[in-house]
Amino acid sequence: MLILYQAVVSLLLLISPFIIIYRILKKKEDTLRFKEKFCLFTKKRVEGKLIWFHGASVGEIMSIIPLIRIYEKNKSIDQILVTSSTLSSSKIMGKFNFKKTVHQFYPIDHSYFTSKFLNYWKPNLAIFIESEIWPSMFRNLKINDTKLLLLNARLTKQTFKRWMKLKGVSKKIFGEISIAYPQNQETKRFIKKISNTKIKSLGNLKFIEDDEKNIKKSQKKLISYFKNRNVWVASSTHQYEEIFCAKTHIELKKKYKNLLTIIIPRHIHRSNKIVSEIQKLNLNVVKHSSKIKSLKKVDIYIVDTFGETKKFHKLSSTVFLGGSIINRGGQNPLEAARYGAKIIHGKNIDNFKDIYKLLKKLKISKKISTPKQLASMIAFKKNKNIGVKIKNIGEKILKKTIKELNYQINNEFKKT
């Protein structure tokens, strides 16, 4: 089966130039750095010890930023390599002023490229995040005797069923993982059924807060900008959900005349289309990037820039999480909840069932199915006590995670 997998990847390589061109035209690929996926590296490997983190996209990368901040200060580590697969995640990484951390795009999962990647970077430890399972890379890490950790591991029920159809292959691939750290009990059960991989529970990294100091200055400016408006936020929205939220605004405006709805699309390249669709509802829409001076007549404010979600979550008392009205499994509500916001969502939250179970227990999340229901749930007062509870959970998880990773790093560094 692994031979067949390599054959399929080889065939895809033949048409990869067309795929890359298409993605560049769709603004989903970096016009220069895409070559990193073919192991034409744009950063140098420095001498000494290197740890490697890999996460698929923005969510996974943001979950490890607090870890990177700590390991930037660790003198035994000479370089930190972070890889991801999406353009948005690379732009997020570009916003941090790290000294010894470099970002590269993850290579194509072909035996030739994964081998070339490892020969160049020579990681002392590989740490993959959540559901990043790559057969060729895993195999070559094993050949190179590089320990592989699956941190904050996540398997959905649907993904588990697919792996179980190829149980023999799955057992072999998951067997390459030295230790898996599941983020929830469901994933723990699934991994146990798939393989004999060692499992250790640390908690969900997404509870951890990234204490970004430079956000405080811009936060004050943002608060001043939106003063005298009743603000609520729709975060990580997908297609159709923006219209859903615009209709909520119309409903809510009957009660609140100074209402402002802030929409943060999951994929900001859709911003122009979103503006066009909402304008058909006779609403005044502006984009964050336009930097207009007055919001006096604005109904909907579209955040079309990378890496600013946190600032808006801190601003709002109510946050609707997208990917939950449509069938996408929902988006992570923890950041908004950490700042004391009331969390509202649709019925599709399979990706974060354990987290929503906790939020429901804390009485800060509500499920809705219509714009009218959403409008009735929106409040304009934060619950700071709940935010403190979530921050405390995050601090405990961070301490446990760093203690465990330190142990693994020190053991691997002793080998060479």
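**Exercise 1. The largest cavity**

Task: State the volume of the largest cavity in this predicted model, list the residues that line the largest cavity, and describe how the lining divides by residue class.

Solution. 

Step 1. The largest cavity has a volume of about 60 Å³. The structure holds 2 cavities of 30 Å³ or more.

Step 2. The lining consists of R154, L155, T156, N184, E186, T187, D350, N351, F352, K353 and D354.

Step 3. By class, the lining of the largest cavity holds 2 nonpolar, 4 polar and 5 charged residues.

**Exercise 2. A charged pair from that lining**

Task: Which residue forms a salt bridge with K353, and where in the chain do the partners lie?

Solution. 

Step 1. Both partners belong to the lining of the largest cavity, which includes K353 and E186. K353 forms a salt bridge with E186, and the closest N and O atoms are 3.1 Å apart.

Step 2. K353 sits in helix α14 and E186 in helix α8, 167 residues apart, so the pair links distant parts of the chain.

Step 3. To classify the accessibility of each partner, use the cut-off that buried means under 20% relative accessible area. E186, with a relative accessible area of 14%, is therefore buried. K353, at 38%, is partly exposed.

**Exercise 3. The second largest cavity**

Task: Which helix supplies the largest share of the lining of the second largest cavity, and which salt bridge joins E176 to another residue?

Solution. 

Step 1. The second largest cavity has a volume of about 40 Å³. The residues lining it are L2, P135, F138, R139, K172, I173 and E176.

Step 2. At least two lining residues come from each of α5 (135-143) and α7 (167-174). The largest share, 3 residues, comes from α5.

Step 3. This lining divides into 4 nonpolar, no polar and 3 charged residues.

Step 4. R139 and E176 are among the lining residues. Their side chains meet in a salt bridge at 3.7 Å, N to O. E176 lies in the loop between α7 and β6 (179-182), and R139 lies in helix α5, so the pair ties together parts that are 37 residues apart in sequence.

Step 5. E176 is buried, with a relative accessible area of 10%, whereas R139 is partly exposed at 38%.

**Exercise 4. Other salt bridges**

Task: How many salt bridges does a search of the whole structure find, and which residues are linked in a network?

Solution. 

Step 1. The search of the whole structure finds 14 salt bridges.

Step 2. One of the pairs is E36 with R33, whose side chains meet at 2.7 Å, N to O. E36 is buried, with a relative accessible area of 0%.

Step 3. The residues linked in a network of salt bridges are R23, E29 and K37.

**Exercise 5. The nonpolar cores**

Task: Which residues have the most contacts inside the largest nonpolar core, and what does F312 touch?

Solution. 

Step 1. The largest nonpolar core has 62 residues, and F53, F226, I262 and F312 have the most contacts inside it. Helix α16 (residues 384-415) contributes the largest share of this core, 8 residues.

Step 2. With neighbours within four places in sequence left aside, F312 is in contact with L222, F226, V233, I262, I264, H288, Y301 and V303. Two names in that list, F226 and I262, are also among the residues with the most contacts inside the core.

Step 3. A second, separate core has 33 residues, including F41, L50, L141 and I177.

Step 4. As background, nonpolar side chains tend to be buried together in soluble globular proteins.

Definitions and conventions
Residues numbered from 1 in each chain as written. Predicted model: local features only at pLDDT ≥ 70, side-chain atom pairs only at ≥ 80, totals over all residues. Heavy atoms only, no water. Core = buried A, V, L, I, M, F, W, Y, C linked by side-chain atoms within 4.5 Å. Buried < 20%, exposed > 50% of the residue type's maximum accessible area, 1.4 Å probe, protein only. Helix = DSSP H or I, 4+ residues; strand = E, 2+ residues; numbered from the N terminus. Contact = heavy atoms within 4.5 Å. 1 Å grid on protein atoms, 1.4 Å probe; cavity = no way out; pocket = protein on both sides within 12 Å on 5 of 7 lines; lining within 4 Å. Points joined across faces, edges and corners; volume = space filled by probe spheres on them. Nonpolar A, V, L, I, M, F, W, Y, C, P; charged D, E, K, R; others polar. Salt bridge = Lys/Arg side-chain N within 4 Å of Asp/Glu carboxyl O.
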